[in-house]
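Q: I'm new to this one and would like to be walked through it. Could you show it to me before we start talking?

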Amino acid sequence: AAHSVGFIGLGNMGAYMASNLLSSGVSVKAFDLNPEAVNDLKQKGATVADSVESMTDCETIITMLPSSPHVQATVTTLLNAGWEGKTWIDSSTIDPIVSKNLGEALAKEGKGKIDAPVSGGVKGAAAGTLTFMVGGESSTLDAVKPYLETMGANIVHCGANGSGQTAKLCNNLAMAIQMVGTAEALNMGDSLGLDPKILAGIMNTSTSRCWSSDSYNPYPGVLEGVPAGNDYEGGFGSSLMLKDLGLATSAAGAVKSATPLGNATKEIYTMMESMDMGKKDFGAVLQFLKGNCGN
Ligand code: NAD
């Protein structure tokens with residue numbers, strides 16, 4: 001094929017990931033619905049595609065799209081257009097059941113597919129230090145591992161087709177619940193007159209320590225360089241967290257796995273969305289609990 005990698009979805013994450021591929025000398029053809037995003041990548045040496053259909057000559061396709069319907073539509077379009085390539089890497093966070101079905105549909109056409117959602121955020125995407133949670137055949141992973149290594153520092157094979165998405169959603173489910181729990185405790189302490197810094201220090205050396213308390217504390221001023229100190233800008237948006245909680249609770253529901261706290265947490269982020277807090281980092285749940293919902 002003429003191009004090694006076709007990259008579809010050049011948003012907050014994808015633009016950096018595709019740049020890292022280009023910097024390590026990979027030939028990249030890029031597409032996004034947003035022409036500005038495509039133009040930016042052209043400056044960095046990518047070939048530009050004006051539609052998904054014109055990427056049939058890409059050996060490997062990487063998608064970094066918002067959610068399940070976008071990925072599903074892209075796979076269908078490219079297969080119908082006669083895609084000549086071999087391997088599909090989907091790094092978007094999507095429904096594990098949809099992901100598994102896409103893998104099976106691609107396998108029927110003789111194509112390999114891995115789901116490879118990431119953690120590490122925009123910072124990790126920029127630095128090329130993402131963690132990839134991979135589901136699919138080992139042979140498919142081995143064939144594209146050099147690409148993943150230019151974008152990430154950790155590549156973990158989680159199991160069969162779809163299991164990378166399952167790992168990602170389980171992680172974000174626990175992370176969201178821990179964030180709400182941490183915010184609830186910090187707000188309660190504050191309301192009872194306790195200094196949030198002292199309380200956070202106690203939590204971080206006691207049994208409630210977690211990433212949301214010791215590395216991403218939602219109480220402004222407790223930690224430097226986290227979104228809480230920057231009016232909750234530049235982090236992981238509450239609406240993306242709501243999307244992941246929707247995916248997690250729906251995947252859990254499909255196999256009758258109970259998620260009582262996941263459901264409650266999803267409702268909290270739904271309320272935040274309806275109060276126009278969707279763009280704020282998910283730690284802004286602390287302000288929501290305080291009743292400070294204005295922007
Ligand atoms: P984003 O919204 O910034 O980017 C998505 C891009 O896809 C946009 O540029 C949009 O124009 C493009 N797009 C949408 N539909 C398209 C289509 N049909 N064809 C071509 N382009 C299309 O999102 P993001 O923050 O880059 O996240 C991408 C994925 O990664 C999501 O699934 C998200 O949950 C996941 N993720 C994000 C983060 C983060 O910190 N932002 C961290 C880990 C995982």
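A: A word on the annotations before we use them: UniProt positions are given here in the numbering used for this chain, feature names are shortened, and annotations may be inferred rather than shown by experiment. The model itself is predicted.

Q: OK, what does UniProt put at residues 5-159?
A: The unreviewed UniProt entry labels that stretch "domain: 6-phosphogluconate dehydrogenase NADP-binding". In the model, residues 5-159 are 43% helix and 26% strand, with the end C-alpha atoms 24 Å apart.

Q: And what about residues 162-288?
A: There the unreviewed entry gives "domain: 3-hydroxyisobutyrate dehydrogenase-like NAD-binding". That span is 61% helix and 0% strand, and its end C-alpha atoms lie 34 Å apart.

Q: Switching to the ligand, which residues come nearest?
A: Of the 26 residues around the ligand, the nearest are Gly9, Gly11, Asn12, Met13 and Thr93. Helix α3 (68-80), strand β7 (118-119) and helix α5 (121-127) each contribute at least two residues to the shell.

Q: How does that shell divide into nonpolar, polar and charged?
A: The shell around the ligand has 13 nonpolar residues, twelve polar ones and one charged.

Q: How many residues are in the largest nonpolar core?
A: That core has 80 residues, and Ala18, Ala30 and Val285 have the most contacts inside it. Helix α7 (residues 163-191) gives the most to this core, nine residues, while domain 1 (3-160) and domain 2 (166-290) each provide at least three.

Q: What is Val285 in contact with?
A: Setting aside neighbours within four places in sequence, Val285 is in contact with Met179, Val180, Ala183, Pro218, Ile268 and Met272.

How values were computed
Residues are numbered from 1 along each chain as its sequence is written. This is a predicted model: local features need pLDDT of at least 70, side-chain atom pairs count only at pLDDT 80 or more; totals for chains, interfaces and linings use all residues. A residue is near a molecule or strand if its C-beta atom, placed from the backbone, lies within 6 Å of it. Helices (H or I, at least four residues) and strands (E, at least two) are DSSP runs, numbered from the N terminus. Ala, Val, Leu, Ile, Met, Phe, Trp, Tyr, Cys and Pro count as nonpolar, Asp, Glu, Lys and Arg as charged, and the others, Gly among them, as polar. A nonpolar core is a set of buried Ala, Val, Leu, Ile, Met, Phe, Trp, Tyr and Cys residues joined through C-beta atoms within 7 Å. A residue is buried if 20 or more other C-beta atoms lie within 10 Å of its own, exposed if 12 or fewer, and partly exposed in between; C-beta atoms are placed from the backbone. Domain bounds come from an automatic or database domain assignment. Two residues are in contact if their C-beta atoms, placed from the backbone, lie within 7 Å.
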